[in-house]
Amino acid sequence: MLHYHTIPVTAFQQNCSLVWCDETLKAAVIDPGGDLDRIRAEVARRGLTLEQIWLTHAHIDHAGGTGTLARELGLPIIGPHEGDRYWIDGLPQQSLMFGFPPAEMFTPTRWLHDGDTVQIGHSTLDVRHCPGHTPGHVVFHSREAQRCFVGDVLFAGSIGRTDFPGGDHDTLIASITGRLWPMGDDTVFIPGHGPESSFGRERRSNPHVRGT
Ligand SMILES: [Zn+2]
Ligand SMILES: [Zn+2]
């Protein structure tokens, strides 16, 4: 069974999630934007073996710590979709623009595509490509746990910004309605910022997507 623990990191309080298989204690970290010492302390405290880095998209608050963590621990970098290559190449400028520590450059070990799966221990998660906030944004869906790690696609009561270069509002709405809603109203999602919610609750009450 898949377990997870979310650690808000960086000045943007980005929800970095540790996910692990409880039979093997093998773990992946989703979106290690920064505060790597806190992430590593949580890994140690829970007795986990960190084996992979998974990225939803390449904004600095989500991807800023990736290069350093991958180099120090020898981890593969899985994702995002190749549509975010220009955001990865632009990490140094993102660091300057948002006042982040310099981000170490990296190249993903594996780009993800819609319909791919990722595996940690005995747990498998489905990958859906959800562009709109960024062109290469992906989400990670665990059917067994009824959880979805959605990055900045959807939030409790809000949706991702689309005013950055490469963002597109209609594309984002299509990703939410066409790729998140089919996962089911009972599915709980872990957004990139703020509290968890369920898809059903957002369909009922989120003013940006209500009734869709
Ligand atoms: Zn973002
Ligand atoms: Zn974010």
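# Close-up views of a predicted model

Buried residues account for 45% of the 212 residues in the protein. The model shown here is predicted.

View 1. The protein holds seven helices and 13 strands. Its radius of gyration is 16 Å, close to the 17 Å that the globule rule gives for 212 residues, so the protein is as compact as a globular protein of that length. The C-alpha trace spans about 45 × 40 × 30 Å along its principal axes. Consider contacts between residues with a separation of 6 or more: 60% of them join residues 24 or more positions apart.

**View 2. The annotated domain, residues 13-193.** An unreviewed UniProt entry places the feature "domain: Metallo-beta-lactamase" at these residues. Over residues 13-193 the chain is 26% helix and 28% strand.

**View 3. The largest nonpolar core and V150.** This core has 51 residues. Which of them touch the most other members? They are A27, V29, I53, F140, V150 and L180. In soluble globular proteins, nonpolar side chains tend to be buried together. V150 gives a closer look at the packing. Neighbours within four places in sequence are left aside here; beyond them, V150 is in contact with V139, L180, F189, I190 and P191.

**View 4. An open sheet of six strands.** The strand order is β6-β7-β8-β9-β12-β13, and the pairing is mixed. The edge strands are β6 (117-120) and β13 (197-198), and each pairs on one side only. β6 pairs with β7 (residues 123-129) in the antiparallel sense, over four bridges. V118 has L125 in β7 as its bridge partner. β9 and β12 (residues 188-191) also form four bridges, but in the parallel sense. Here G151 stands opposite P191 in β12.

**View 5. The hairpin of β12 and β13.** These two strands pair in the antiparallel sense over two bridges. F189 has S197 in β13 as its bridge partner. Five residues lie between the two strands of the hairpin. In the turn, G194 has a positive phi of about 85 degrees.

**View 6. Helix α3 and its buried residues.** Helix α3 covers residues 66-73, and T66, G67, L69 and A70 in it are buried. Which elements do the buried residues of α3 pack against? The partners are α1, β4 (49-54), α2 (60-63) and β5. An α-helix has 3.6 residues a turn, so residues three or four places apart point the same way. After α3 comes G74, with a positive phi near 65 degrees.

**View 7. A70 and its surroundings.** A70 is found in helix α3. Why does A70 count as buried? It has 20 C-beta neighbours inside 10 Å, and 20 or more make a residue buried. With neighbours within four places in sequence left aside, A70 is in contact with I53, L75, I77 and F106. T171 is another matter: A70 and T171 are 101 residues apart in sequence and 31 Å apart in space, C-alpha to C-alpha.

**View 8. A cis peptide bond between G79 and P80.** The bond that joins G79 and P80 is cis, with omega about -5 degrees. P80 sits in the loop between β5 (77-78) and α4 (85-89).

**View 9. D31, with a positive phi.** D31 is not a glycine, yet its phi is positive, about 60 degrees. Its place is in the loop between β3 (26-30) and α1 (36-45). Is D31 buried or exposed? D31 counts as buried, because it has 28 C-beta neighbours inside 10 Å.

**View 10. Q146, a second residue of this kind.** Q146 is a residue other than glycine with a positive phi, near 50 degrees. Q146 lies in the loop between β8 (138-142) and β9 (147-151). It has 15 C-beta neighbours inside 10 Å, so Q146 counts as partly exposed.

Definitions and conventions: Residues are numbered from 1 along each chain as its sequence is written. Chains are lettered from A and ligands numbered from 1 in the order in which they are written. This is a predicted model: local features need pLDDT of at least 70, side-chain atom pairs count only at pLDDT 80 or more; totals for chains, interfaces and linings use all residues. UniProt positions are given in the numbering used here, feature names are shortened, and annotations may be inferred rather than shown by experiment. A residue is buried if 20 or more other C-beta atoms lie within 10 Å of its own, exposed if 12 or fewer, and partly exposed in between; C-beta atoms are placed from the backbone. The radius of gyration is taken over C-alpha atoms; the globule rule is 2.2 Å times the number of residues to the power 0.38. Two residues are in contact if their C-beta atoms, placed from the backbone, lie within 7 Å. A nonpolar core is a set of buried Ala, Val, Leu, Ile, Met, Phe, Trp, Tyr and Cys residues joined through C-beta atoms within 7 Å. Two strands pair if DSSP finds at least two bridges between them.
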